[in-house]
Amino acid sequence: MNKSIAVALGAALLTAGPAFAQTVTVALNADIRSTNPGVNRDDNTDAVVLHMVEGLVGYRENGTVAPLLAESVQLSADGKTYTFRLRKGVKFHNGAELTAEDVLWSWNRYMEPKTDWRCRTDFDGRSGLKVEKIEAPDSQTVVMTLDRPTALFLDSMARTDCGMTAILHKSSVKEEGSWDKPVGTGPFKFGEWRRGEYVTLTRFDEYRSPPGDKPDGLVGAKRTALPEVKFLVVPDASTVKAALVSGAVDVAQVLDSDLAELAKAKNVEVGLFPSATKHTFLFQTRDPLLGNVKLRQAIAAAIDVPQLVAAVSNGNGKPNNSAVALTSAYYGDAQRKGYSYDPAKAQQLLKEAGYKGEPIKIIANKRVHVPSFNAAVIAQAMMQAVGINAEIEVLEWATQLDRYNKGNYQMMSFSYSARLDPALSYEQFAGPKDKQPRKVWDEAEAEALIDKASTISDQTERQKIFDELHKRQMEMTPLVIFANGQEAWGHTKRVQGAEPWEGKPRVWGARVATN
Amino acid sequence: MLRFALRRILMAVPTLLIMAVSVFVLIRLIPGDPASLMLGDLADAASLADLRQRLGLDQSLLIQFGIWFGNVLQGDLGNSITSSQPVLPLVLDRFWISARIVLIAVLIASVLAVPAGMIAAWRQNSTLDLALVGSATVLLSIPTFWLGLLLLLLFGLKLEWLPVVGYVSFSENPTAALLYIIMPVMTLFLHEMGVLIRMARASTLEVLRLDYITHARAKGLSESAVLWCHAFKNAFGPTWTLIGLVLGNLLGGIAVVETVFTIPGLGRLLVDSIFARDYPVIQGCLLFVAFVYVVVNLLVDLLYPVFDPRVTAE
C-alpha cells in the first residue's frame, strides 16, 4: 500500500516538477525585488541579476577591478578620461551585437532621475565625483570624462549593488520607458519569474566569455554548462536544510550551526566562503558617555575578539579588526595589528574615563546569517566582567536600521554589507555626522586620508594611507570591527563548482556530475 | 433574512473604516522606513531623499492617508513599494492560495473533530474519552511550525513520499498541486482538530444532560439516534461558530505554515511586507483579511438557523 502511494506520488511529481535533471536549483531566503539592475534591489536580487547582465568592468576575487565587457580600459595622463575598448563579438540575449551606442544608451538611462538607479548620486556630483561627458568615437570605443581624478570610478561602476552598471539592450525597457526584463550579455538569459516562488534562467548559447580558465569574482571564465538554473525561494532555514538533504535544492546558504550535521549527510558537501561583510560594534561618539575615547578603548580591551569570533562562528571565523577585508589585496601586516584582550588595561581605562557604572545599551537584531545578537551577548558578558554595566536591547531589523540611520544609539551590534575597495569600506562608516547621522567616525583627518585614497591610483601609496587609517581607527576606536563574513554553504554532490562569491550564489562555473 | 444580511453588511462598514485608520496609523508608529530598507545600510542622504519623494513618503501623514483612502474608496489599494505591483490583484492571488489550504484543512478538521468530540462526550470519562481529549490537548499544544517541520522530516525526508519544497498551482497541474499542499493542510487540520474536538465535546456534554435527551432515551430510541438525530443539532451550534472564527484566524495566521512549506500565500505576503515596511501591501492585506473575517462570520450567522431553528436570523 505504502509503496503504491509512493509510486503514484512519484509519477505525479515527475509530470509536475522541474523534471530536467540538468536544472540546478539554488535556494534564496527571500524573493528577488525586481530584475532591474541596481534599481529595486537587495543582495538576492543582485545575485540573480548578475547572472544575466554584465558591466564594462567587474570585481575580481581579491576585490580589484578588471575589464569585463571592455577589452581594455585606458586612463589619460590627467586621470580624468577613461577610454573603454569593447570586446568584439559580444552579443545581447536578443542576438544583437554589443556596441558603444548601447553603452551610451545604458549610461544615459542610469543618469535619468526617473530610472531610480541607486548609484546615480555617486556619478552626478552629489557625492563628489561627476561624469561630465560620455562619448562614442566609434562603435567599439567609449570615452568617459570626469570632473576630477579618482581611484574609485571603476570600483563604483563594478559595485554589485549598482548592478555592475550593467550594459543593457534597449529592448530591456518597454516603449513607454518602463522596465520590462533584462536583455543583457550575461551567461544566462531571463526565463520566468513567479513572484514569491522562483526565478528561472536559461543558458545563453551565444555567450562570449571574458578570458580566463576559471571564474574569478564576477570576471574570469564564465562559460556555463548548465542549461537551466532555478532560484527557488525558501525562507525557512530548517526547510532549506531538509531540502538540501532531500536533493530538492542543490545549492544553498546554510546556518553555521548546521554545518557539522550537513557534512554527515551522504549527498551533501559543505564549505565556508569568506566575504568582505564587516561584523562590528558601533559606538555613538556623540553619546555623553561613549564620546569619551578612553571608555571606547576600555570596551575594546575588554572584548576578547578571537574568542568572540570563535563563539559566534562555531569556531570557523577569523578575527579581523581592520576595515580592509581579509580577502583584499590591501590586507597586510599593518592590518593584522588588532586589539589585544587586556581586562586589567580595560579596568584602568575605565578608571581614567571616570566611568561610574552607568548603563550602556547594545542594540542587536536576530536576523539569521548575521551574528548580531550572539556577538552582543558575548560582548555584554565580557564587558560585565570588567565592570561595565552593559545591557542588550533586541530590535527587529527595520527598527535597528532606522536607529542606525538616525545615529540614535549608544552601542550597536551591526553588520556592514561588503565594500571591496578599502576606501569605499572606510567611507561606509567615516564622515561628517551632521550631514549623515549614520556615520560613525567623524574626524577631519580620517576623512582627508580617505579622500586622498579615493583620488590616487598608485597601489603602494594607497597601501600607506590604509595603514595609517587603520592605526588611527585603532586609536580612536569609533567602532570595533571584529570579523569579516564567513558564510556556510552547502551543495548536493551532483552539482560541483557552484561556489558562491561575496555571499552570493554564482553558478556559471557549475556542472552537474553524471553518475 | 435579507434585511438581516444587509444590516450586518452595513455594520461591517464602520468596522472596516476603523480598521483602515488604525492599520494606517499603527504601521507608521513602528519605527522603520521602507526607503531606507530598500537602500540598505548605505543610504546616502540624497538617494534617500530622492526615493522618499518618489514613494510619496515625504508628504504629511494626513495627505498620505487622504490619497490612500480616496483610492481605496475607488477600489484601488495602491501599488506595492517594493515590487511596484498593484496591491489588490496581488492580495487576491495570494488569498486564493491560502484560502484553498485553509478551507480544505478546516473542512477535514470539522468532519473528523465533530464526531470525535461527540463520541468523547457520549462516552465521558471512558478510556476512549481520555484518549480523545488527551490527543486533542497534545495537538492543540504543538506549535504549528514544529509540527510542520516534523511532517517535513517524516514524509519529505524519511519516507520521501512528498516534495520538501516548492509549490505548484492547481491550474497548472492539479495532481502535483495536491501533493504540495498535503503537508500544509495536514499541519493545519491536526492543530485545528485539537480546538474543535474540545469544543464539540463540551457542547455535546451540555446537551446530553438536558431533559429532552433523557426523554428520547426513555422512548427507547437507539443511542445513535439520540446522539445524531437529537443531540447533534443542538450541540453543533457553538462548534459551528468556532469554525467561522477559526477560518478567519487561520487566514491571518497561516504565515508560519506557509514559511515552512514555501507556499506563496497571503500570510507570507503579509509578514514579508511588514519586514519590508511595504505600507500599501500591509494595509491591503489587513483590510482584506478583516473583510473576509466579516464575510465568513456573516455566513456562519446566516447558516446558524439551519442547525438550530430556535435561533432566527432576524
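Okay, let's start with what the record says: the unreviewed UniProt entry puts "domain: ABC transmembrane type-1" on residues 95–304 of chain B. Positions there are given in the numbering used here, feature names are shortened, and annotations may be inferred rather than shown by experiment. In the model, that span is 83% helix and 0% strand, with its end C-alpha atoms 26 Å apart.

Quick housekeeping. This is a predicted model, where local features need pLDDT of at least 70, side-chain atom pairs count only at pLDDT 80 or more, and totals for chains, interfaces and linings use all residues. Residues are numbered from 1 along each chain as its sequence is written, chains are lettered from A and ligands numbered from 1 in the order in which they are written, and side-chain values use heavy atoms, with hydrogens and water left out.

So, chain B as a whole. It has 13 helices and zero strands; helices are DSSP runs of H or I with at least four residues, strands are E runs of at least two, and both are numbered from the N terminus. The C-alpha box is roughly 85 × 55 × 35 Å along the principal axes. Of the 314 residues in chain B, 52% are buried, meaning under 20% relative accessible area, with exposed over 50% and partly exposed in between, using a 1.4 Å probe and protein chains only.

Now the interface. Chain B puts in 47 residues and chain A 50, where contact means heavy atoms within 4.5 Å. Together they bury about 4,000 Å², 58% of it on carbon and sulfur atoms; that's the accessible area, 1.4 Å probe, that two parts lose on being put together, summed over both.

How many salt bridges cross between chain B and chain A? The rule finds five, each needing a side-chain nitrogen of Lys or Arg within 4 Å of a carboxyl oxygen of Asp or Glu. One to look at is A:Arg126 with B:Asp50, closest N and O atoms 3.2 Å apart. On the side of chain B that touches chain A, H3(B) gives the most, with five residues.

Last stop, A:Asp116. You'll find A:Asp116 in the loop between helix H3 (100–111) and strand S6 (131–138) of chain A. Why does A:Asp116 count as buried? Because its relative accessibility is 19%. Setting aside neighbours within four places in sequence, A:Asp116 is in contact with A:Gly38, A:Val39 and, over in the other chain, B:Arg54.
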